[in-house]
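This report covers helix packing and ligand contacts. The sequence and structure come first.

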Amino acid sequence: MLSDKLKEETKANHQILEKRLVSQLKAIRSQQEYANLLKLFYGYFGGLEVKINQAIDKNLLPDNDERRKTQAIADDITALGGDVPAKADCDALPRIKNHLEALGALYVIEGSTLGGKIISKMMQQQLSLDKGLSFFTSYGDNTVTMWDTFKNALDSQAENPEQEAVIIAAANETFFKFGEWFEKAK
Ligand code: HEM
């Protein structure tokens with residue numbers, strides 16, 4: 001299955017990002033520091049979302065409109081009293097020129113709903129927050145169901161190993177460029 005291959009072949013990049021994020025998250029002590037982290041996510045995911053929308057075939061992902069959008073990050077930043085930053089431009093983003101590449105990037109965004117649940121719990125505990133958590137709360141109790149539905153859609157869309165390779169490469173580039181985005185912000 002493509003979804004299994006994606007998991008396996010992006011594992012190393014996920015681990016690098018997760019490690020980096022967990023240490024950054026543990027160090028967060030104020031709403032402002034958390035808002036700064038949200039700004040990083042907004043810039044990158046916001047830019048990605050624009051490119052994905054230009055390339056994706058919406059007929060093949062009928063529930064795309066119901067899925068979590070970066071507007072939720074903007075709302076969280078505003079709720080915490082921060083300013084919403086600009087979105088990343090093309091140089092900072094992966095190549096997303098067609099439906100398959102858009103799916104690879106979307107795999108990373110949708111997969112981040114799983115880690116998001118952990119992140120929202122961490123922030124709630126560390127900062128006793130009652131706002132600014134809508135993005136990382138993901139789909140709440142529906143997160144696993146939404147993830148399974150996404151994976152099912154994904155698994156029916158690559159017709160051959162070459163197409164699978166395009167999706168996997170796009171997912172890896174999406175992880176990699178996110179790491180670069182974090183580095184640049186340091
Ligand atoms: C504190 C940070 C994070 C933690 C603790 C975390 C943790 C997790 C966990 C527990 C899973 C489920 C693994 C499984 O069911 O086998 C997961 C899956 C995933 N996460 Fe993360 N994650 C984090 C950040 C992110 C971020 C920022 C992204 C994307 C930019 C991301 C992308 C993914 C993807 C794509 C999957 C799906 C893997 C699969 O195919 O099953 N994660 N993550």
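## Helices α1 and α4

Helix α1 passes helix α4 in a right-handed crossing. This is a predicted model. Helix α1 spans residues 2-26 and helix α4 spans residues 99-127; their axes come within 12 Å and cross at roughly 25°. An angle under 35 degrees counts as roughly parallel, and α1 and α4 are therefore roughly parallel to each other.

On the α1 side, the contact is made by Leu-6, Lys-7, Thr-10, Val-22, Leu-25 and Lys-26. On the α4 side, Tyr-107, Ile-119, Met-122, Met-123 and Gln-126 take part. Sorted by class, the contact of α1 with α4 has seven nonpolar, two polar and two charged residues.

## Helices α4 and α6

Helix α6 consists of residues 161-185, and the axes of α4 and α6 come within 7 Å, crossing at roughly 45°. That angle makes α4 oblique to α6. The crossing in which α4 passes α6 is right-handed.

From α4, the contact involves Leu-100, Glu-101, Leu-103, Gly-104, Ala-105, Tyr-107 and Val-108. From α6, Gln-163, Val-166, Ile-167, Ala-170, Ala-171, Thr-174 and Phe-175 contribute. The contact of α4 with α6 has ten nonpolar, three polar and one charged residues by class.

## Helices α4 and α5

Helix α5 covers residues 143-155; α4 and α5 pack at an angle of about 160°, and their axes are 10 Å apart. Since an angle over 145 degrees counts as roughly antiparallel, this makes α4 roughly antiparallel to α5. Here α4 passes α5 in a left-handed crossing.

The α4 residues in this contact are Leu-103, Leu-106, Tyr-107, Glu-110, Gly-111, Thr-113, Leu-114 and Lys-117. Their partners on α5 are Thr-143, Trp-147, Phe-150 and Leu-154. By class, the contact of α4 with α5 has seven nonpolar, three polar and two charged residues.

Gly-111 is one of the α4 residues in the contact with α5.

His-14 has a polar side-chain atom 2.9 Å from a nitrogen atom of the ligand. For Tyr-107, a polar side-chain atom lies 2.5 Å from an oxygen atom of the ligand. Gly-111 instead places a backbone N or O atom 3.3 Å from a nitrogen atom of the ligand.

Methods: Residues numbered from 1 in each chain as written. Predicted model: local features only at pLDDT ≥ 70, side-chain atom pairs only at ≥ 80, totals over all residues. Heavy atoms only, no water. Axes fitted to C-alpha atoms, helices over the stretch in contact; angles between N-to-C directions. Helix = DSSP H or I, 4+ residues; strand = E, 2+ residues; numbered from the N terminus. Parallel < 35°, antiparallel > 145°, perpendicular 65-115°, else oblique. Left-handed = near helix turned anticlockwise from the far one by under 90°. Contact = heavy atoms within 4.5 Å. Nonpolar A, V, L, I, M, F, W, Y, C, P; charged D, E, K, R; others polar. Polar contact = N/O pair within 3.5 Å; in protein donor to acceptor, adjacent residues only side chain to side chain.
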